[in-house]
Amino acid sequence: MDRVIIIRYGEIFLKGKNKSYFESLLINNIKQSLKSFKFEFSRSQGRYTVSGYSADCEGDIVDRLKRVFGIHSLSVADRVETAYSEGFVHVKDSLKSLTQRLCAENTIKNATFRMTVKRADKHIPMKSFEIAALLADTVLNNSDFKVDLTSYDYEISVDMRENGYSYIYSEVIYGAGGLPVGCSSKGMLLLSGGIDSPVAGYMMAKRGMKQVAVHFASPPYTSERATAKVVELRDIIEAYTTDMTLYVVPFTEIQLAIHEKCPAEYMITIMRRFMMRIATLLAKKEGCTAIITGESLGQVASQTVESMTSTESCAGHPIFRPLIAFDKEETMTLAKKIGTYETSIQPFEDCCTIFLPKNPSIHPNLAKVVEAENKLDIDALVARAVESTEKRG
């Protein structure tokens, strides 16, 4: 008997003839996420198995796997030979051990259980429900648990696979779901350091999009600690998106030029138009096919329909806004779930809070915005910003 982790995928089973492509991506991402561990990997009929790892690493491996998009659920299980001809003796031994562990941990009075058997091994002549009835006796004989098929405290599962092994477990741990990262091309994430943009990156990774991040810094008005905060956010969401390059763009010269030569009410709009121009150039360099933002409709002045329309007219790629219909509470809840919230609320200024006008235009007129920004040497400002951009692996 040895301990293994069973991995089940979700949406991939719907992919028909393209299923093998999605599976290969998922397998590569699983192996990448566990590269710091020693382990063995195997597969059989819609299941993957991680085994051969050190027992003291089990919790860390489970935690890593929970962040891999494409995984629907996983279970830590005992793997034993099915041995039907011997009356499932090894399965019964494992069930006895599992029952003893559950009894030791149990704090529920009059606890109930259900035995579930999945029989992928069709060489076994007994039906699944017949095997379940037979194996349930082992639990009953080694505990004071009672059977309840509909309202139960524990579901004890035996998965009899076609490879001659059975997997015995009592817990299903749900994964991140979604699609394997890499199946939906690559996007350029505008990573501000606030609450919204890391969540937007997470949401697009869930739909299989690999990402590169870009951050706009305004030294000396923003500190190196503010940039370090963004690097930390990148590191957190990288656990979901796989490797993520970060570009840090010096934005001070552009902001000062806008502040000096453009009407104050259009400053935010023009600033974001410059961000889109720069993000587009970096996206082309990285082979990205879309730009991702954390914008939510109506949340601030720069996120009205008119403001976003004006901004995206400068982008050379489609703009994905996965949080467009989220309210702030929904975004905060998800940020806490994925582990970015505490870092995002660290009180360091970002470039979007520098030189803010008292009354920004909520419904900017695109023609007037273009007229205002034409007072600037747009191409030269963009070129110098891109040339001075720092790439952080």
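In these legends, Ala, Val, Leu, Ile, Met, Phe, Trp, Tyr, Cys and Pro count as nonpolar, Asp, Glu, Lys and Arg as charged, and the others, Gly among them, as polar. You're looking at a predicted model, where local features need pLDDT of at least 70, side-chain atom pairs count only at pLDDT 80 or more, and totals for chains, interfaces and linings use all residues. Residues are numbered from 1 along each chain as its sequence is written, and side-chain values use heavy atoms, with hydrogens and water left out.

**View 1. The second largest pocket holds about 290 Å³ of space.** Of the 15 residues lining this pocket, Gln-32, Ser-33, Glu-238, Ala-239 and Thr-242 are the closest to its centre. Two elements, helix H1 (19-33) and helix H6 (224-241), each give two or more residues to the lining. Sorted by class, the lining has 5 nonpolar, 5 polar and 5 charged residues. Here a pocket is an open set of points on a 1 Å grid over the protein atoms alone, where a 1.4 Å probe fits, with protein on both sides within 12 Å along at least five of seven lines; lining residues have an atom within 4 Å of a point. Grid points are joined across faces, edges and corners, and the volume is the space filled by probe spheres set on the points.

View 2. Cys-314 counts as buried, at 16% relative accessibility, while Cys-57 is partly exposed at 22%. (Buried means under 20% relative accessible area, exposed over 50%, and partly exposed in between, using a 1.4 Å probe and protein chains only.)

**View 3. A cis peptide bond joins Pro-219 and Pro-220.** Its omega is about 5°. Pro-220 sits in the loop between strand S11 (210-217) and H6. Helices (H or I, at least four residues) and strands (E, at least two) are DSSP runs, numbered from the N terminus.

**View 4. Phe-88 has a positive phi without being a glycine.** That phi is about 60°. Look for Phe-88 in the loop between strand S4 (71-81) and helix H3 (89-105). Is Phe-88 buried or exposed? Phe-88 is buried, with a relative accessible area of 1%.

**View 5. Ser-185 has a positive phi too, and Ser-185 is not a glycine.** Its phi is about 65°. The loop between strand S9 (173-174) and strand S10 (186-190) is where you'll find Ser-185, which counts as partly exposed at 34% relative accessibility.
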